Amino acid sequence: MLCTDLLNYTGRGLLLVCCAPCCAGAVDFIAKNKVNMTLFFYNPNIYPLDEYEKRKAEVIRLANTYNVPFIDTDYTPLEYMEATKGKGDCPERGERCFLCFKLRLLKTALYAKHNGFDYFTSTLGFSRWKNLSQVDTAGFEVEKITGEKYLDVNWRKSGIQELARRVIRENKIYEQNYCGCIYSFQNSKK
């Protein structure tokens, strides 16, 4: 679905975000269109800790700039390592990424379900390092597990990529050079 389809939703949404560059256009769209959505930061995959803190600080700054609600969770890298155990050799967009998406989307859906949100979605598929259909497949699997509605919003369309570039530039947002996990970090050094 296109982000403009969100304008037809009156319920509360929970948006899993990984970093400011991937959610910049979405946050601008949400704020300007008064979409009832809260940012949810659950990223146990991000490595190392100082990178995690840097990305979280940028998302908080963006949320504050646009007055969009923000929920932070604990940094639990062992959850990520357990969920992706034995998948370190998988390529980007492979099984390891799918397991990572599913872990993070499950936590998002459960939080949404237990805190009165009507649906959940994410900006995980915005990244050039990720496969949007893989993210959506994980989201729909999580929907079946939890019963919480997943919306497969495509934040790459409707001018959101161009909007994101403008927001990043205007706000001087930090842009990382790898997706986030230890494996993508190691690959970025090659």
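A pocket, as the word is used in these legends, is an open set of grid points at which a 1.4 Å probe fits, with protein on both sides within 12 Å along at least five of seven lines.

**Figure 1. The largest pocket of the predicted model.** In this predicted model, the largest pocket holds about 280 Å³ of space. Its lining is made up of 13 residues, and among these the closest to the centre of the pocket are Pro-21, Phe-126, Arg-128, Arg-165 and Glu-175.

**Figure 2. The helices and residue classes in the lining of the largest pocket.** Helix H1, which spans residues 20-32, and helix H6, which spans residues 160-171, each supply at least two residues of this lining, and H6 gives the most, with four residues. When the lining residues of the largest pocket are sorted by class, seven are nonpolar, three are polar and three are charged.

**Figure 3. The packing of helices H4 and H5.** Two packed helices are described by the angle between their axes and the distance between the axes. Helix H4 (residues 95-114) packs with helix H5 (residues 132-146) at an angle of about 45°, and their axes lie 8 Å apart. H4 and H5 are therefore oblique to each other, and their crossing is right-handed.

**Figure 4. The residues that meet where H4 and H5 are in contact.** On the H4 side the contact includes Cys-97, Phe-98, Phe-101, Leu-105 and Lys-113, while on the H5 side it includes Gln-134, Val-135, Glu-141, Ile-145 and Thr-146.

Notes:
Residues are numbered from 1 along each chain as its sequence is written. This is a predicted model: local features need pLDDT of at least 70, side-chain atom pairs count only at pLDDT 80 or more; totals for chains, interfaces and linings use all residues. Side-chain values use heavy atoms; hydrogens and water are left out. On a 1 Å grid over the protein atoms alone, a cavity is a set of points where a 1.4 Å probe fits but cannot get out, and a pocket is an open set with protein on both sides within 12 Å along at least five of seven lines; lining residues have an atom within 4 Å of a point. Grid points are joined across faces, edges and corners, and a volume is the space filled by probe spheres set on the points. Ala, Val, Leu, Ile, Met, Phe, Trp, Tyr, Cys and Pro count as nonpolar, Asp, Glu, Lys and Arg as charged, and the others, Gly among them, as polar. Axes are lines fitted to C-alpha atoms, for helices over the stretch in contact, and angles run from 0 to 180 degrees between N-to-C directions. Angles under 35 degrees count as roughly parallel, over 145 as roughly antiparallel, 65 to 115 as roughly perpendicular and the rest as oblique. A crossing is left-handed if the near helix is turned anticlockwise from the far one by less than a right angle, and right-handed if clockwise. Contact means heavy atoms within 4.5 Å.
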